[in-house]
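Hi,

Here is the structure I promised to pass on. Have a look at it first, and then read my notes below.

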Amino acid sequence: MSFDTLNSNIHLSCLLLESVGVLASALGVKFDTFLLQSVYPIMARLANENVAVNQSAYATIVLISESCNYMSVESFICQNSDYLVNAIATNFKFIFMDEQAAKVLQVMIQYGNAGIVFYLL
């Protein structure tokens, strides 16, 4: 893959992530209907090695947290841990094809709080 193509993909990823954040801000609490479809992929991007993608994912999680009236990103992750752990468990079956499950687990531990431990047992 050429450098230009890679750079274009990074910019596109950032733009898409930030669009989800803007949508969450516009919809406010109504965005919670989209959480099941959006949280897992955004959390996977939060573990991305590219700083621009990582920062865009974090900004998106912050906007979603604020829009859905969570007290913090930690609270958001903790209160959605049941869904995230279920998605991780489902995707671990295919870890050899897709490493997103491990990345999402890493992000949950990194940005979550002690409240997620219950869901990990």
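The protein chain has an accessible surface of about 7,200 Å², and 61% of that belongs to carbon and sulfur atoms. Accessible areas here come from the Shrake-Rupley method with a 1.4 Å probe, and for residues only the protein chains shown count as cover.

Before you go further: this is a predicted model, where local features need pLDDT of at least 70, side-chain atom pairs count only at pLDDT 80 or more, and totals for chains, interfaces and linings use all residues. Residues are numbered from 1 along each chain as its sequence is written, and side-chain values use heavy atoms, with hydrogens and water left out.

Now the overall picture. You'll find seven helices and zero strands in the protein chain (helices are DSSP runs of H or I with at least four residues, strands are runs of E with at least two, and both are numbered from the N terminus). Of its 121 residues, 37% count as buried (under 20% relative accessible area; exposed is over 50%, and partly exposed lies in between, with a 1.4 Å probe and protein chains only). Take the contacts (heavy atoms within 4.5 Å) between residues at least 6 apart in sequence: 64% of them join residues at least 24 apart.

Next, helix α6, which covers residues 100-111. Its end C-alpha atoms are 16 Å apart, which agrees with the 16 Å that its 12 residues should span at 1.5 Å a residue (the expected span is 1.5 Å times one less than the number of residues). Which residues of α6 are buried? They are Gln100, Ala101, Val104, Val107, Met108 and Tyr111. These cover an arc of only 125° around the axis, so they sit on the same side of α6 (the arc is that of the directions from the helix axis to the C-beta atoms). An α-helix has 3.6 residues a turn, so residues three or four places apart point the same way. The cover over the buried residues of α6 includes α2 (35-46), α3 (51-67), α4 (73-79) and α5 (81-92).

Val73 belongs to helix α4. Buried or exposed? Val73 counts as buried, because its relative accessibility is 12%. Leaving aside neighbours within four places in sequence, Val73 touches Tyr58, Ile61, Val62 and Ser65. Val62 is 11 residues from Val73 along the chain, and their C-alpha atoms are separated by 6.1 Å.

Leu16 counts as exposed because its relative accessibility is 52%. Together with Leu12 and Leu15, Leu16 makes a nonpolar surface patch of about 300 Å².

Cheers

Methods:
Patches are made of residues with over 30% relative accessible area and no salt bridge: like charges are joined within 9 Å, nonpolar side chains (Val, Leu, Ile, Met, Phe, Trp, Tyr) within 5 Å. A salt bridge is a side-chain nitrogen of Lys or Arg within 4 Å of a carboxyl oxygen of Asp or Glu.
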